[in-house]
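Trainee: I would like to go through this model term by term. For each label, please set the value against its definition.

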Amino acid sequence: MSAAPTNSDSQRHLLKEVRSHEVAVAELNNLPASRTVYQRNGNILFRTTVQKATVSEQKQLDMLKSKLQKLSSS
């Protein structure tokens, strides 16, 4: 049993998170703009608009992609 995650384990975990956010963005893009959605913030769900949820998911996706790129370049 290893104490610290290896580089490949970290990359694999980040790839799963990236895919999850990509799916969320794609699903949000297919909802009508008038639809109300719920977005998780910690352990609480907040009611929001599709546009705000999409922007938030896209920011998280961009952040994860940059982390993945830094990890793969090192």
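Trainee: What radius of gyration does the protein chain have, and what would a compact globule of 74 residues have?

Mentor: The protein chain has 15 Å, whereas a compact globule of 74 residues would have a radius near 11 Å. The radius is taken over C-alpha atoms, and the globule rule is 2.2 Å times the number of residues to the power 0.38. The C-alpha atoms fill a box of roughly 45 × 25 × 15 Å along the principal axes. This is a predicted model, in which local features need pLDDT of at least 70 and side-chain atom pairs count only at pLDDT 80 or more, while totals for chains, interfaces and linings use all residues. Residues are numbered from 1 along each chain as its sequence is written, and side-chain values use heavy atoms, with hydrogens and water left out.

Trainee: Which elements does the protein chain have, and in what order do they run?

Mentor: There are 2 helices and 2 strands, and from the N terminus they run α-β-β-α. Helices (H or I, at least four residues) and strands (E, at least two) are DSSP runs, numbered from the N terminus.

Trainee: What makes β1 and β2 a pair?

Mentor: Two strands pair if DSSP finds at least two bridges between them. Strand β1 (residues 36–41) and strand β2 (residues 44–49) have 6 bridges, in the antiparallel sense, so they count as paired. They form a hairpin with 2 residues between the strands, and G42 in that turn has a positive phi of about 75°. N41 stands opposite I44 in β2.

Trainee: How does the span of α2 compare with what is expected?

Mentor: α2 has 24 residues and reaches 34 Å from its first C-alpha to its last, close to the expected 34 Å at 1.5 Å a residue. The expected span is 1.5 Å times one less than the number of residues.

Trainee: Why is H21 called buried?

Mentor: Its relative accessible area is 14%. Buried means under 20%, exposed over 50%, and partly exposed in between (1.4 Å probe, protein chains only), so H21 is buried. H21 lies in helix α1. Of the 74 residues of the protein chain, 22% count as buried.

Trainee: Which residues are in contact with H21, leaving aside neighbours within four places in sequence?

Mentor: They are E57, Q60, L61 and L64; contact means heavy atoms within 4.5 Å.

Trainee: Which residues make up the largest nonpolar core?

Mentor: L14, V18, L61, L64, L68 and L71, 6 residues in all. A nonpolar core is a set of buried Ala, Val, Leu, Ile, Met, Phe, Trp, Tyr and Cys residues joined through side-chain atoms within 4.5 Å.
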